[in-house]
Amino acid sequence: APGRRGYSGAGAAEFLHRSIVPTMHYQKSLPRLPVPKLEDTIKRYLNAQKPLLNDDQFRKTEELAHAFEKGIGRELHEQLVAQDNQNKHTSYITGPWFDMYLKAREPVVLNFNAFMSFNPDPKSEYNDQLIRATNMTVSAIRFMKTFRAGYLEPEVFHLNPEKSDTEIFKKIIRFVPSSISWFGAYMVNAYPLDMSQYFRLFNSTRLPKLDRDELYTDEKAKHLLVLRNGNFYVFDVLDRDGNMLEPSEIQAHLKYILSDNSPAPAFPLGYLTSENRDTWALLRKNLLENGNEEALQKVDSAMFCLSLDDFAIKDFVHLSHTMLHGDAANRWYDKSFNLIITKDGTAGINFEHSWGDGVAVLRFQNEVFKDSTKTPAISPQSQPASVDSSRAVQKLDFKLNDALKAGITKAKQKFDASVESLSVDMIQFQEGGKELLKQKKVSPDAVAQLAFQMAFLRQYDQTVATYESCSTAAFKHGRTETIRPASVYTKKCSEAFVKELSKHSTEELQSLIVECSKYHGRLTKEAAMGQGFDRHLFSLRYLALSKGLALPDFYQDQAYARLNHNIISTSTLVSPAVQLGGFGPVVSDGFGVGYQVQDDWIGCNVSSYPARNGKEFLQCIYKSLEDIFNVLKGKKISS
């Protein structure tokens with residue numbers, strides 16, 4: 001029944017919740033991302049290089065590193081620290097990191113955009129495409145309104161939730177001035193996280209420009225962009241006063257779009273967002289000059305892009321392909337995110353990566369999932385409002401000349417070829433997970449990463465550069481830091497399991513696993529505290545180039561290039577809202593590994609190109625996990 005949640009006027013239903021602590025309460029007093037000491041960075045860098053090099057190579061790299069540390073590196077470091085001290089409103093990585101993303105010319109799809117798919121609605125009749133699209137759209141708008149009103153609960157990492165995640169604590173902390181509120185939270189072991197990226201979730205797009213793209217946000221826009229069958233539709237979801245439309249009206253408009261049987265366009269514009277960025281920038285200029293300014297403005301400023309696909313999901317592999325790339329005709333990869341909903345109500349998010357990291361997107365997904373499943377705006381019995389959708393919904397028309405048609409055709413050929421060459425495979429290891437590993441006092445993340453190292457050694461007989469992403473959102477304008485999971489410890493342990501099994505007792509193997517776990521725990525803690533080495537070295541290199549200096553020898557070392565050619569690129573997340581997440585390999589001979597360690601199982605989603613065999617890699621990961629778990633249980637294993 002309408003009105004059951006008071007949609008009329010600015011009722012509570014316009015918001016997800018009303019936090020008594022304002023959303024940005026902690027932002028002002030967040031600690032600053034530290035610039036590590038140069039000697040620490042060099043030491044950590046050499047530790048990461050050690051397992052990848054032979055003795056001669058390592059000696060050479062060590063010499064270059066120490067020369068850098070004493071010479072030009074020291075000067076650059078001092079300049080970086082001075083610059084950082086003059087920019088206390090931000091972090092030393094912000095500028096260089098935005099530049100890294102925005103100057104990259106490769107297509108965003110497969111190279112940068114990642115996906116996370118939602119779990120199905122627990123009530124199966126709510127997984128209908130129209131119902132789920134309506135409910136998720138309403139929840140997304142409510143998230144946006146809650147955030148903009150300052151009512152969204154601040155994002156806080158609680159080490160001791162019994163003390164800090166309580167009403168009484170919130171009632172006290174809200175009266176502590178913003179300039180010192182962080183310290184109040186810190187006293188009870190709670191770590192507020194940076195929320196500076198959140199505003200880019202909505203009404204935002206990455207615009208292609210020659211040499212360096214731009215991020216564009218227009219918070220005044222009130223409309224949603226919907227893609228279906230390669231056609232573009234827009235309609236307002238907020239009224240003049242910024243109140244949300246009745247859910248039944250949103251349902252009516254989406255129903256109208258889902259029943260529109262206009263043919264797919266012969267030249268679908270979405271393909272352009274899958275192009276090389278310079279190519280796309282020139283084509284966009286042509287589009288603007290060809291009378292499409294208003295239509296593009298609608299696309300760029302839309303609250304977000306809702307992509308409605310006309311097919312059902314067959315299995316997890318099909319799900320990964322659909323959410324990671326899908327059909328470019330029905331995506332706009334430049335939007336901060338595409339909310340994708342297929343014929344059977346399967347939902348996921350594909351997000352552009354330059355504006356923000358997984359933390360902001362995951363919070364959005366968690367809130368939207370919770371709201372749309374626990375308090376859905378419409379039910380299977382709801383009737384769409386009797387409104388004239390043909391007037392409210394505008395179908396965008398693009399005027400295309402021959403050059404644009406040729407550009408779209410070429411983009412489609414390239415896109416189809418890239419997608420054709422991408423494989424996605426996955427496993428679920430059901431013989432244990434977080435619970436057992438914690439009982440055995442080893443870190444679940446360390447065990448997953450050890451399994452990847454062991455698997456690659458078994459498959460290719462080598463140890464290669466490996467990347468694990470770690471958020472530095474505990475700091476003002478923090479982004480990510482790299483954990484380097486390949487270490488002398490994982491190498492030694494992997495070799496014992498893969499090559500020298502007969503020489504080691506079960507107890508010895510257990511202690512090798514424990515050593516790996518301790519070291520990985522240390523690396524993770526360092527990275528989360530802004531004490532990795534990757535971002536620091538990246539910023540020093542960026543500084544040298546921006547000052548027009550010759551690139552120091554240290555950076556011209558082949559070993560430096562190899563360490564940054566991340567063959568195994570990994571990222572993990574666990575959330576009640578997310579079924580699975582993934583991304584493409586970051587190099588053509590690499591693996592993209594999305595994984596999650598649940599209480600009693602471990603899931604792995606691997607993407608690869610023809611240079612690598614992802615299926616076989618997963619079989620080796622499975623075997624490694626089996627061996628590690630058996631050893632931890634005290635069982636004897638065989639090769």
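1. UniProt positions are given in the numbering used here, with feature names shortened, and annotations may be inferred rather than shown by experiment. In an unreviewed UniProt entry, the annotation "active site" covers H353.

2. This is a predicted model, in which local features need pLDDT of at least 70, side-chain atom pairs count only at pLDDT 80 or more, and totals for chains, interfaces and linings use all residues. Residues are numbered from 1 along each chain as its sequence is written, and side-chain values use heavy atoms, leaving out hydrogens and water.

3. The chain has a mean pLDDT (the predictor's confidence in each residue, from 0 to 100) of 96, with 98% of its residues at 70 or more. Residues 1-11 have pLDDT below 50, and this stretch has 20 contacts in the model beyond near neighbours in sequence; contact means heavy atoms within 4.5 Å. Where pLDDT is low, the predicted coordinates should not be read in detail.

4. H353 lies in the loop between β10 (347-351) and α13 (358-374); helices (H or I, at least four residues) and strands (E, at least two) are DSSP runs, numbered from the N terminus. H353 counts as buried because its relative accessibility is 16%; buried means under 20% relative accessible area, exposed over 50%, partly exposed in between (1.4 Å probe, protein chains only).

5. Leaving out residues up to four places away in sequence, H353 touches Y101, F112, N113 and R479. With Y101 there is also a side-chain polar contact of 3.5 Å. A polar contact is a pair of N or O atoms within 3.5 Å; within protein, one must be able to donate a hydrogen and the other to accept it, and residues adjacent in sequence count only if both atoms are side-chain atoms.
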